[in-house]
Amino acid sequence: MATRVRPGSKRCAVIGGSGFLGRHLVEKLQDRGYSVSVFDLHQSYQLQGVTFHTGDLCDRQALLSALQGVSLVFHCASPAPASDDRALFERVNIRGTQTVIAACIEAGVQKLILTSSASVVFEGTDIKNGREDLPYARKPIDYYTATKIQQEKLVLEACDEQNGFLTAAIRPHGIFGPRDPQLVPILVDTARRGKMKFIIGDGKNLVDFTFVENVVHGHILAAECLRPDSPTCGKPYHITNDEPVRFWDFMSDVLVGLGYSAPRYHLPYTLVYGLALLLWLLTLVLRPVMSFKPTFTPMRVALAGTHHYYSCERAKEDLGYKPVVSLKDGIQRTVLSYPHLRHGA
Ligand SMILES: NC(=O)C1=CN([C@@H]2O[C@H](COP(=O)(O)OP(=O)(O)OC[C@H]3O[C@@H](n4cnc5c(N)ncnc54)[C@H](OP(=O)(O)O)[C@@H]3O)[C@@H](O)[C@H]2O)C=CC1
Ligand SMILES: CC(C)CCC[C@@H](C)[C@H]1CC[C@H]2C3=C(CC[C@]12C)[C@@]1(C)CCC(=O)C[C@@H]1CC3
């Protein structure tokens with residue numbers, strides 16, 4: 001094991017710091033006086049005072065050189081769920097996370113905070129105010145989620161108070177905000193192709209959407225509360241906006257805010273889910289000869305048509321968490337940040 005980094009040092013590294021959440025985290029950490037470095041496949045921006053290391057997190061040597069002198073690591077890298085690439089998820093989220101843990105220990109890092117996902121307990125059926133003690137999904141809804149479960153277990157099991165290596169996991173849900181490459185762009189693309197006319201199910205299902213700055217806030221609180229003997233050691237925390245909202249109201253607010261029409265016509269959930277499943281199976285069969293990516297995947301349909309919202313009581317109690325941006329303000333700031341996606345732009 002390397003020489004231990006001075007306890008209380010404010011040197012941290014963000015693995016995945018070029019991504020959507022990672023970059024917001026880097027910016028806030030810098031504001032709070034941390035000295036920050038980024039480890040990612042690529043460098044997507046420049047920020048004075050931030051050092052970038054490009055490399056693959058599965059490469060232990062590359063990680064080791066990036067982690068020298070770092071006391072706190074945030075691991076928020078993952079292949080995008082939309083890639084639906086089982087081998088890639090297993091390589092990066094499972095074996096890569098084992099490499100991250102080993103490199104952290106070897107470099108003398110003291111704290112590791114993982115960005116997990118609230119979806120680790122979601123099996124495609126209703127979850128209302130779910131707490132962290134719900135069992136992991138036995139039948140995860142996709143490969144992405146299956147590997148996020150393994151990843152979270154690895155990180156939490158690595159927590160070793162005796163040897164001074166402390167870990168915790170943040171489970172956000174439905175992150176949105178400026179620069180998100182996923183939720184708003186996919187929504188707008190679907191609307192532009194005339195496919196956002198339908199509501200899947202009765203439209204009354206409640207879901208958590210979490211403004212990115214609240215997710216960042218949860219990560220930093222977890223890192224700062226993670227001390228030997230603190231209740232945070234080895235624990236997962238739901239971090240949400242604490243304002244469950246009807247999935248279709250949220251979608252409509254974003255669409256209308258950007259000048260598109262809200263979906264109006266209802267389609268039965270089981271019909272759409274069945275069709276999405278058929279289409280997904282077809283993409284698997286046809287993959288050797290052609291590749292296409294359906295908009296309505298079984299995972300998206302399940303997310304769009306069921307209740308799934310989570311209690312963040314544990315984060316409130318252990319971390320003193322409270323959302324810093326309301327859902328209404330978050331939606332407004334998000335909509336304003338995408339002028340190029342406005343209707344007619
Ligand atoms: N967005 C959401 O709604 C939710 C996200 N999460 C989790 O939050 C985290 C961040 O997600 P988000 O910011 O949305 O995702 P992004 O894709 O924007 O960011 C992930 C970053 O990790 C990088 N990366 C991927 N593979 C590797 C690798 N092998 N080595 C080094 N870097 C790599 C990506 O590079 P590249 O772009 O080149 O692939 C990207 O820069 C993820 O762990 C995700 O599972 C959890 C719940 C909800
Ligand atoms: C086409 C429409 C039915 C839906 C368009 C919006 C969706 C792209 C998003 C709605 C909920 C989002 C979500 C995620 C990705 C984007 C959505 C499906 C995650 C799967 C991202 C990664 C996670 O860990 C969980 C997220 C749940 C919510």
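These are my notes from going through a predicted model, starting with the whole chain and ending at the two ligands.

**Overall build**

I began with the secondary structure and found eleven helices and 15 strands. Next came the dimensions: the C-alpha trace spans about 60 × 45 × 40 Å along its principal axes. I then looked up the radius of gyration, which is 20 Å; a compact globule of 345 residues would be near 20 Å, so the two agree. Buried residues make up 46% of the 345. For contacts with a separation of 6 or more, I noted that 78% join residues 24 or more positions apart.

**Record check**

I checked the model over residues 271-290 and got 80% helix and 0% strand, with 26 Å between the end C-alpha atoms.

**Nonpolar core**

Which residues touch the most other members of the largest nonpolar core? I got Cys 12, Val 14, Ile 15, Leu 67 and Val 73, out of 96 residues in that core. I followed up on Cys 12, skipping its neighbours within four places in sequence. Its contacts are then Leu 29, Tyr 34, Val 36, Val 70, Leu 72, Val 73 and Phe 74. As background, nonpolar side chains tend to be buried together in soluble globular proteins.

I went to H7, residues 247-257, and listed what is buried: Phe 247, Trp 248, Phe 250, Met 251, Asp 253, Val 254 and Leu 255. Asp 253 is in that buried list too, and it counts as charged. The cover over these residues includes helices H5, H9 and H11 (327-336), along with strands S9 (198-200), S10 (206-207) and S13 (245-246). Just past the end of H7, I spotted Gly 259 with a positive phi of about 90 degrees.

How many residues of H9 are buried? Eight of the eight are, so H9 is largely enclosed by the rest of the structure. The buried set runs through Pro 298, Met 299, Arg 300, Val 301, Ala 302, Leu 303, Ala 304 and Gly 305. Their cover includes S9, H7 and helix H8 (269-286).

**Ligand 1**

I counted 28 residues around ligand 1, and the nearest are Gly 16, Gly 19, Phe 20, Leu 21 and Ala 77. Helices H1 (20-31) and H3 (86-107) each put at least two residues into this shell. H1 gives the most, with three. By type, I sorted the shell into 13 nonpolar, twelve polar and three charged residues.

**Ligand 2**

Around ligand 2 I found 14 residues, the closest being Ser 117, Ser 119, Gly 174, Ile 186 and Ala 304. The elements giving two or more residues to this shell are H5 (183-192) and H9 (298-305). Which of them has the largest share? That is H5, with four residues. The shell splits into six nonpolar, seven polar and one charged.

Conventions
Residues numbered from 1 in each chain as written. Chains lettered and ligands numbered in written order. Predicted model: local features only at pLDDT ≥ 70, side-chain atom pairs only at ≥ 80, totals over all residues. Near = placed C-beta within 6 Å. Buried ≥ 20, exposed ≤ 12 C-beta atoms within 10 Å, placed from the backbone. Contact = placed C-beta atoms within 7 Å. Core = buried A, V, L, I, M, F, W, Y, C linked by C-beta atoms within 7 Å. Rg over C-alpha atoms; globule rule 2.2 N^0.38 Å.
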